Amino acid sequence: MMEQRGSGTPAGAIEKAPSKVGEMSEERVIRALLDAFPTAVTDYKKLKAGVLRARIERRELYRCCQFLRERLGFEHVSMISAVEYDDRFEIVYHITCYGSCLLLELITQTPKDDPSVDSVSSVWGGANWQERESFDLMGIKFNNHPKLERILLPSDYLYHPLRKDFKG
Amino acid sequence: MGPQHPMTHGLWNLRIKVDGETIVDAEPEMGYLHRGIEKLCENRTYTQIIPLADRLCYGSSLTWSHLYCLTVEDLMGLEVPERAEYIRVAAIEMQRIASHLMWLAAYAADLGTLAGFIYTMRDREVFIDLLQALSGSRLTYNFPRIGGVAHDVPPNFERDSLRACTYMEKKLDEYDQLFEGSKVFMMRNEGVGILKKELAMNLGVTGPPLRASGVNYDLRKDQPYSVYPELDFQAISMPDADCYARYKVRMDEMRESCKIIRQAVQKMPKGKWRIVAPRNGPVGTGIGRVEDPRGEGMMYVVGNGTPKPYRLKIRSPIFVTVSAAKQMLVGYKVADVVAIMGGLDMCIGEADR
Amino acid sequence: MKSGEGEPSVGQVMVFRSKDFLKWADGVMEGILKKSPIGGGIDFLTKDFFNWATRNSIYPLHFGIMCCALEMAVASAPRFDAQRFGVIYRSTPRQCDVLLVTGPVTKKFQPGVRRLYDQMPGPKWVIAMGECAISGGPFYDSYSVVPGVDQFIPVDIYIPGCPARPEALIDGFIKLQKLIKDNKRGLLTGK
């Protein structure tokens, strides 16, 4: 059902690849996201001028990223960070739009016992190494990643050092 | 090639597969300088991290400690005095010139123009001296503080900065003659390492390599921080997307930096240069983004109400740019590797963290 | 498996290969020069000259790790000009006699540094430049940094500073020259 809704987005409401500064405001991005993924986007907020935050369910992450890139023109993934909390992992995507200079903070959650999300490296090539780094240091598994190997630590290292239970 | 190789300027490894002389596949290998700074930050207080942030990138350490302070100020919701902002901007732009000159020195030495190394290192000392007068150290300054800067500018700072800018602008014209008059330098640069605009955007390349690919995206202009909106300068971009364009973008950026320094020291208002920051960070998150000399630097901090950050994530521009090395290298000759990888301005300290 | 790996084949027995020649030459040189008084005599005559040449042509390896690498580059640039003291950077370990460790050595890179040290021909010296190389510096409690390069290779000169200034590096080179002068040794007999 979700897929039908996602693909059935009224594309006419959103201009393709907006290029002028100021053409797309924070509110319009939120509205477009809510139209496309009404149940998956759970929390959204405007943090300050040009910076948005949205939470999305893990199962819709890949399609949401595709939507952001192709329909809304978010062409650059700045940073992918994984944060460990007591009961969950949060993976934070900072995504930039070159045209309107917006920064979107997209947060998705994974449970502690199954830290895996879909890889977005086929959407943005720049995500490739950042996902490898998150896997290396935090142990998040990215499904369908082309080459999910250790990148900073030696390949025979046993631990994921940024986890809170790692001791020296 | 690497980790110890005169081409690398740092510790990294490049594995290339060649067919005759032509490169068919390339894979950089990182991590030889991974110090685990993100983990160390979890065991330091907010103030103790500033020297660590300095040591992230040895080429432009001031940008990184500034970025860290910006991030924590965003987390704590602090408003920095205007004088401090102007001091910071002047210092960052001096650091940018010093960093680009360091790159130019290494690049020139790689491409067989050893005179370029001598000249650029000589002129870099002018800006290092200014920063030393400002902060007391040559390379890792530990100068910005959360909520301002460590101390006020020294006497005669304005006069010395203006002199240095005038000197530098004259020297930049000299460099143009030196490098563009050198046939070897031009032959090894023009039409080498082309990275198309769409590819560069998709691969997350930022900074001078992105602007050399024809995308005019400069965070100082497009998502301004500090007092950049009040200063008059231009973001440089070139459409050619080759190594020569990257060289040209950096040279023009140095000219723009001279302009910014001149305005910043003249417009600097009187007043306080530091406010007291709280010891404990609040519960919440903060982000900071700056235009590093190498690209888009970014930090994401999560606070939990204690004097230590819960998590600090650092986005390194070079780490992402290097992942595009394959697309830049494939199809060129082995001899072009030096020009292509040298043109990226590698700084392994921040890439490996 | 090639045949005759365990026992030499006929061809291998009959041929006098270059390896065998080297072995023979080594043996002869050992006998004539190193063991007999001739070597001691030559050493006595040439010791001072070779020592003078060694200490005034220190060739460090062009090998930058972190911050101190920039100061190393600055030290050879016009303002400080370490080449006045015969310090010329070489790019391959086979031509060097000083290994300058200019930053923290990570556990991933530790075998690499060890290999560089082993590749250098003797006599060789090691300079630990900066806090990171001496003791780990600001990264002393990191999970991936070796706290001090002297844990796996012998270090002759320690230069403190974070990063060490170019003047300090030049001072370190002068101290190394004194060290070489004090431990005067013959090339053949090692006395």
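This is a short talk on three chains of a predicted model.

Residues are numbered from 1 along each chain as its sequence is written, and chains are lettered from A, with ligands numbered from 1, in the order in which they are written. Because this is a predicted model, local features need pLDDT of at least 70 and side-chain atom pairs count only at pLDDT 80 or more, while totals for chains, interfaces and linings use all residues.

Let's start with chain A. Its secondary structure comes to four helices and seven strands; helices (H or I, at least four residues) and strands (E, at least two) are DSSP runs, numbered from the N terminus. Along the sequence, the pattern reads α-α-β-β-α-β-β-β-β-α-β. Of the 168 residues in chain A, 45% are buried. Buried here means that 20 or more other C-beta atoms lie within 10 Å of the residue's own, exposed means 12 or fewer, and partly exposed is in between, with C-beta atoms placed from the backbone.

Chain A has an open sheet of five strands in the order β1-β2-β5-β4-β3, with mixed pairing. Two strands pair if DSSP finds at least two bridges between them. Which strands stand at the edges? They are β1 (41-48) and β3 (76-84) of chain A, and each has a single partner strand, so one side of each is left without a neighbour in the sheet. For β3(A), eight bridges join it to β4 (residues 88-96) of chain A, and the two run antiparallel. One pair to find on your screen is A:Glu84 with its bridge partner in β4(A), A:Phe89.

Now over to chain C, and its strand β3 (residues 125-129). Five of its five residues are buried. C:Trp125, C:Ile127 and C:Met129 point one way, and C:Val126 and C:Ala128 point the other way.

What does β3(C) pair with? Strand β1 (residues 98-101) of chain C pairs with β3(C) in the parallel sense over four bridges, and C:Leu100 has C:Ile127 as its bridge partner. Strand β5 (residues 157-159) of chain C also pairs with β3(C) in the parallel sense, over three bridges; there, C:Met129 is partnered with C:Ile159.

Staying in chain C, look at helix α7 (residues 166-182). At 1.5 Å a residue, its 17 residues should span 24 Å, and its end C-alpha atoms are 24 Å apart, which agrees. The expected span is 1.5 Å times one less than the number of residues. Buried in α7(C) are C:Pro166, C:Leu169, C:Gly172, C:Phe173, C:Leu176 and C:Ile180. They cover an arc of only 110° around the axis, which puts them on the same side of α7(C); the arc is that of the directions from the helix axis to the C-beta atoms. On the other side, C:Glu167, C:Lys178 and C:Asp182 are exposed. The cover over the buried residues includes α3 (37-55), α4 (67-75), β3 and β5 of chain C.

Last stop: where chains B and C meet. The contact takes 27 residues from chain B and 28 residues from chain C, and two residues are in contact if their C-beta atoms, placed from the backbone, lie within 7 Å. On the chain B side, the elements giving two or more residues are α1 (37-41), α2 (49-54) and α5 (114-135). The largest share, four residues, comes from α5(B).
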